[in-house]
Amino acid sequence: MRTMRSIVLTQPRQRCVLLVLLFLLSSVHQISTSVTHYSIPEEMKEGSVVANLAADLGLDVKTLTQRKMRLDIISNKKYLEVNKDTGELLIVEKIDREYCPTKSSASCYLRLEVILENPLRIFNIEVEIMDMNDNAPQFRRDAIHLDISESTSKGERLSLSNAVDPDVGSNTVKTYHLSESEHFNIEVQTGREGTKLADLILKKTLDREQQAVHNLILTAVDGGAPPRSGTASIIVQVLDNNDNAPLFDKSIYSVKIMENAPIGSLVIDLNATDLDEGSNSDLTYSYSLYTPEKTQETFHLNPSTGEITVKGMLNYEEFRIYDMEVIAADKGVNSLSGQCTIKIQVEDMNDNHPEISIKSFRSPVSENIAVDTVIAVVSVSDKDSGDNGLVDLHIPPDTPFRLRESSDDYYQLVVSEPLDREKVPEYDITFTVTDRGSPPLSDNETVTLQLLDVNDNVPHFPRSFYSIRVPENNAPGALLTSLSAFDPDLHENQYLVYFIVEKEIANTSMSMLFSINPENGNLYALKTFDYEMEKDFLFHVEARDSGSPPLSSNASVRVAVADQNDNAPVIVSPWRAHGSAVEEKIPRSTDKGSLVAKVIALDVDSVHNSRITYQFLQVSDASLFSLDQYNGEIRTTRMFSYKDWRHQRLVVVAKDNGEPALSATVTIKLSTVETAAKAYSDGGGAPPEYDIFSDLNLYLLIGLGSVSFLLLITISVTVVLKCQKVEPGNMAPPCRNSVISERNSTVADSTLVSNDAYWYSLFLAETRKGKLVVRQPAPKGSRYFVSSIPRSAAGSATSDSAPSTLQV
């Protein structure tokens with residue numbers, strides 16, 4: 001007899017009744033055949049109490065140990081154990097219902113035997129493991145691969161692998177979901193054992209060329225709370241169907257090829273495409289029946305690649321345009337094809353150089369040829385055609401010529417700017433003709449144009465003004481300088497002749513003073529110059545070429561006579577006879593710093609040669625007198641003492657600043673006078689230095705007057721000698737740089753004489769129409785004596801005119 005019991009929680013009263021019954025039965029039978037049933041959920045924690053066996057079986061807890069209570073589990077693993085102290089059935093290891101060792105159906109039971117001794121008793125225990133939703137649905141494969149032809153009709157059904165869930169009952173797979181797709185959806189069905197299955201249904205036809213692969217997600221969901229799910233990828237590969245014909249990039253191709261293209265050169269590489277795949281996209285190229293035989297003989301078509309190459313020689317003049325049709329067919333079961341038209345145009349090769357022909361050419365030409373005059377006529381030609389036969393003619397842009405088109409392929413070379421042989425004597429003109437081919441070809445022709453000289457350039461001096469310095473006392477015939485002009489013309493237009501432009505100065509022609517070599521322009525002095533008489537000359541030199549008509553130019557020449565130190569100083573004060581000493585008397589009581597004497601020397605040289613300094617050459621007592629080196633004043637440096645000699649001898653030298661220096665000396669004998677000093681002191685009159693009628697001043701005045709009178713006589717004699725008549729019946733010309741008379745003038749000549757002999761040689765004057773004209777600048781305050789010397793009918797001068805004084 002077997003009793004099935006399910007004990008989860010037992011009330012105390014029920015437990016007592018059960019124990020009574022068990023006791024009664026045990027008294028009859030030593031071994032019980034009833035089964036005690038328990039239900040527990042899976043995954044209970046270790047140590048959890050399933051039930052109190054001692055209480056449920058009616059056993060005394062205190063005797064469990066003595067009766068050697070043990071638990072015999074009919075399985076491979078020991079999941080449960082009995083606590084002998086409490087009589088409780090405990091879990092010693094977690095139980096997973098999905099791995100139930102006695103699983104034979106949807107239910108899972110653990111069968112136990114509780115064995116006790118003294119007396120021997122055996123109890124059958126059955127523990128049912130209840131299912132929990134602890135497992136998610138799972139597909140056997142993570143990815144489901146499906147191949148569907150693009151020609152599959154809409155509504156086609158495809159079975160999918162179902163998901164499995166080790167849970168049972170409501171915890172197993174309940175339904176499926178598919179990711180969003182415009183081409184697919186699913187339909188869930190229930191199998192014989194309640195298994196849920198999913199079918200994939202095509203709801204829209206496929207197009208491999210638009211989308212070759214479809215990626216979907218299938219989700220399986222169980223009925224647990226909360227529900228669990230699992231996913232799998234569905235990869236749908238769309239199989240190609242030959243539903244696309246080959247297609248060319250263009251329906252018409254235009255190709256240009258040169259006539260010199262070698263055999264084998266590529267004409268065009270056709271590129272047809274087929275959206276299908278595999279053999280449905282493998283293409284074969286061929287000519288259509290409408291392609292001429294001439295074209296097929298000239299060009300080769302590669303059936304595999306579609307390349308068209310040159311097979312025969314091309315000749316632009318024989319055949320210029322080739323037309324062909326090419327078909328591209330795929331290798332599908334039901335072959336599809338497409339076609340295109342190709343137009344091949346043979347282009348002319350630029351293999352002929354342009355040519356230049358000089359029809360006429362003028363050379364040489366005069367350099368003054370008029371602008372727009374035609375120099376040459378040129379024709380051009382090219383045997384090619386099209387752009388290869390169009391030519392352009394050019395000349396260098398930096399030439400004074402231009403091209404003017406006269407007619408087709410004819411050009412005139414004309415002068416565009418005035419020509420100048422002196423700048424460019426000849427021109428190399430290069431005509432360059434270039435066609436418009438690609439690449440362009442060209443040819444050139446060069447002509448040389450020579451220019452004839454015209455006398456259009458005047459001689460040119462390097463400078464317009466020449467200043468020449470010549471020292472006085474020069475040797476006659478000495479070379480002064482070379483005045484060379486330049487004329488850029490040629491031949492006789494270049495040959496120059498030099499001459500001095502005639503000009504009279506003081507009735508003296510320049511040709512009497514200077515000479516110029518007419519061939520090379522060397523200028524010479526014909527006489528010796530004296531700076532004190534002649535200082536400079538100004539005249540013009542002309543250079544004239546030998547052209548017709550001749551051209552000329554001139555340059556101004558100034559010859560300046562340079563002074564030399566050839567005149568020694570002349571002591572004019574104090575005056576003394578030649579070689580004699582000057583005797584002076586001074587009071588012995590003369591004060592310190594009193595003027596004893598003043599030495600005045602004149603030098604007719606100029607500038608630094610006339611600068612005079614004074615020095616003592618000899619002095620009796622150097623401590624008594626001082627000499628100013630610039631003005632020649634001799635003064636006392638102290639008063640005379642009774643020890644000083646009564647007679648003092650002073651020798652003063654006047655030296656100019658020339659190189660070498662020239663000098664003159666004067667000897668002054670001084671005598672001291674006692675009476676003069678005494679008279680002044682006794683009478684209480686003015687000091688000696690304030691007496692303007694002293695002996696010293698009187699001597700000075702007499703000396704100056706004598707020197708002036710002698711100089712006047714000397715100058716008068718010199719003027720008379722130099723102004724003699726050259727020929728009888730004509731008036732003798734006056735000497736240059738002295739008194740100059742106006743020719744044919746009725747006004748009396750005048751002679752200008754300075755009272756200062758130094759300035760006599762520097763300042764001259766003349767009368768013109770009754771007016772006094774100063775020829776040289778004079779110092780302010782100078783006095784001149786002007787003597788009017790009337791001339792007789794014979795031209796001789798009279799000397800009874802009284803001189804007059806002129807203040808400057």
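Contact here means heavy atoms within 4.5 Å. The model is predicted. Its largest nonpolar core has 28 residues. Salt bridges come to 19.

**Nonpolar core**

- Leu-53, Leu-80, Leu-89, Val-114 and Val-127 have the most contacts inside the largest nonpolar core.
- Strands S2 (35-41), S3 (49-52), S4 (70-73), S5 (80-83), S6 (88-91), S7 (109-116) and S8 (121-130) each give two or more residues to this core, as does helix H2 (53-57).
- Beyond its neighbours within four places in sequence, Leu-53 touches Tyr-38, Gly-58, Met-69, Val-82, Gly-87, Glu-88, Leu-89, Val-114 and Ile-125.
- In soluble globular proteins, nonpolar side chains tend to be buried together.

**Salt bridges**

- Glu-277 and Arg-208 form a salt bridge, 3.6 Å from N to O. Glu-277 sits in the loop between strand S21 (272-273) and strand S22 (283-287), and Arg-208 in the loop between strand S15 (196-202) and strand S16 (213-222), so the pair ties together parts 69 residues apart in sequence.
- Arg-208 counts as buried because its relative accessibility is 10%, under the 20% limit. Glu-277 is partly exposed at 39%.
- A salt-bridge network links Arg-208, Glu-209, Asp-240 and Glu-277.
- Asp-372 pairs with Arg-402, with the closest N and O atoms 3.0 Å apart. This bridge links distant parts of the chain: Asp-372 is in the loop between S28 and S29, Arg-402 is in strand S31 (residues 401-407), and the two are 30 residues apart.
- Both partners are partly exposed: Asp-372 at 41% relative accessibility and Arg-402 at 34%.
- Glu-534 bridges to Lys-527, the closest N and O atoms being 3.3 Å apart. Glu-534 is buried at 6% relative accessibility, whereas Lys-527 is partly exposed at 24%.

**A buried charge without a salt bridge**

- Asp-382 is buried but has no salt bridge. The nearest side chain of opposite charge belongs to Lys-383, 8.7 Å away. A salt bridge needs a side-chain nitrogen within 4 Å of a carboxyl oxygen.
- Asp-382 lies in the loop between strand S29 (374-381) and strand S30 (391-394).
- Leaving aside neighbours within four places in sequence, Asp-382 is in contact with Asn-352, His-353, Pro-354, Asn-388, Gly-389, Val-391 and Asp-435.

**An open three-stranded sheet**

- The 3 strands run in the order S36-S41-S40, with antiparallel pairing.
- Strand S36 (479-482) and strand S40 (514-516) are the edges. Each has a single partner strand, so one side of each is left without a neighbour in the sheet.
- The twist averages 20° from one strand to the next.
- S36 and strand S41 (residues 522-525) are joined by 3 bridges. Thr-481 stands opposite Leu-523 in S41.

**Backbone features in loops**

- Pro-364 is in the loop between strand S27 (355-361) and strand S28 (365-366).
- Pro-439 is in the loop between strand S33 (426-435) and strand S34 (442-452).
- Asn-118 has a positive phi, near 55°, without being a glycine. Asn-118 is in the loop between S7 and S8, and is exposed at 63% relative accessibility.
- Asn-473 also has a positive phi, about 65°. Asn-473 is in the loop between strand S35 (465-471) and S36, and is partly exposed at 43% relative accessibility.

Key
Residues numbered from 1 in each chain as written. Predicted model: local features only at pLDDT ≥ 70, side-chain atom pairs only at ≥ 80, totals over all residues. Heavy atoms only, no water. Core = buried A, V, L, I, M, F, W, Y, C linked by side-chain atoms within 4.5 Å. Buried < 20%, exposed > 50% of the residue type's maximum accessible area, 1.4 Å probe, protein only. Helix = DSSP H or I, 4+ residues; strand = E, 2+ residues; numbered from the N terminus. Lys, Arg positive; Asp, Glu negative; His and termini not counted. Pairing = 2+ DSSP bridges. Axes fitted to C-alpha atoms, helices over the stretch in contact; angles between N-to-C directions.
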